[in-house]
Amino acid sequence: MSLRKTLTALSRSPSPISAVNLEVAEPSRSSQITFRPRKLRRVSVDDLNPSPTTITASPLSSKSTVDIALRHLLISDELLGGVISAHNTPPVFESTSTPFLSLARSILYQQLATKAAKCIYDRFISLFPGGESGVLPESLISISAVDLRKIGVSGRKASYLHDLAGKYKSGELSDEMILEMSDGELTDRLTSVKGIGVWTVHMFMIFSLHRPDVLPVGDLGVRKGVKDLYGLKNLPGPLQMEQLCEKWRPFRSVGSWYMWRLIESNKTSKTKVRAHFFLVGQDS
């Protein structure tokens, strides 16, 4: 799809981008978490109006927020616009898990292949009456590290899970607090939990909380995508990432999503090229 056609299609959305203090539709009803609109950094989005516009965006679980994000990114970054136009399917951000369950799952999945992690996660869920809905801080604390190790959870991860549950039980954390905190506050608070680093927090904010303006500067895939997008010789560091992706604000989460897609498409293209030369070699 061409850039012009993409912009035309998005312009038919009922949610205009030029409105001041814009509030978009409520998030998907499938989510069990009630998200509130968040007032984001001012960004100029109308070439005819040089004054900055304040966008109050709902989480990315709202389709209209994604539509607004795509319009902004298409206009603000021509190179990124080409990537967006090349992918006909827009991003979808869905999650029905509570913040506590999402964080526990993040710990369990760390440094494991997806299949192995899913197997351990399923065993973990089986320990709780009611399945995922029964994964609560007090329930998790009652499960010993020995029992967790029996289902394949390492001793270290067991201590991480208990530390997370303990901070919930003590009142240092709660699902309600997490939903209210700013990105900076959330990063500071969650990285105080054993086993949770900045990268985990960034992934949690994008894929569980659906926050629109998160730039995971330490994610290898996003860094590779930015490198390829702007034709850099080396992988960009955190500061260069911030500078290059500044134009994506206040929708850097969506820009990052397209960096993952860019890397995936590049890998697919390289695989096809290798297969072509292999077949040619076999025929010759």
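User: Which side chains meet in a salt bridge with K118 or D122, and how should I read such a pair?

Analyst: A salt bridge pairs a side-chain nitrogen of Lys or Arg with a carboxyl oxygen of Asp or Glu within 4 Å. In this predicted model, the side chains of K118 and D122 form one with each other, at 2.8 Å from N to O. The two residues are 4 apart in helix α5 (residues 114–126), so about one helical turn separates them.

User: Which parts of the chain does the salt bridge between R211 and D183 tie together?

Analyst: The side chains of R211 and D183 meet at 2.7 Å, N to O. R211 lies in the loop between α11 (198–207) and α12 (220–230), whereas D183 belongs to helix α10 (residues 183–190), so the pair ties together parts that are 28 residues apart in sequence. R211 is buried, at 3% relative accessibility, while D183 is partly exposed, at 23%.

User: Where do R252 and D213 lie, and which network do they join?

Analyst: Their side chains meet in a salt bridge of 3.0 Å, N to O. R252 is in helix α14 (residues 252–283) and D213 is in the loop between α11 and α12, 39 residues apart, which makes this a link between distant parts of the chain. Both R252 and D213 are buried. Through salt bridges that share partners, D213, E242, E246, R249 and R252 are joined into one network.

User: How many salt bridges does a search of the whole structure find?

Analyst: The search finds 10 salt bridges.

Notes. Residues are numbered from 1 along each chain as its sequence is written. This is a predicted model: local features need pLDDT of at least 70, side-chain atom pairs count only at pLDDT 80 or more; totals for chains, interfaces and linings use all residues. Side-chain values use heavy atoms; hydrogens and water are left out. Buried means under 20% relative accessible area, exposed over 50%, partly exposed in between (1.4 Å probe, protein chains only).
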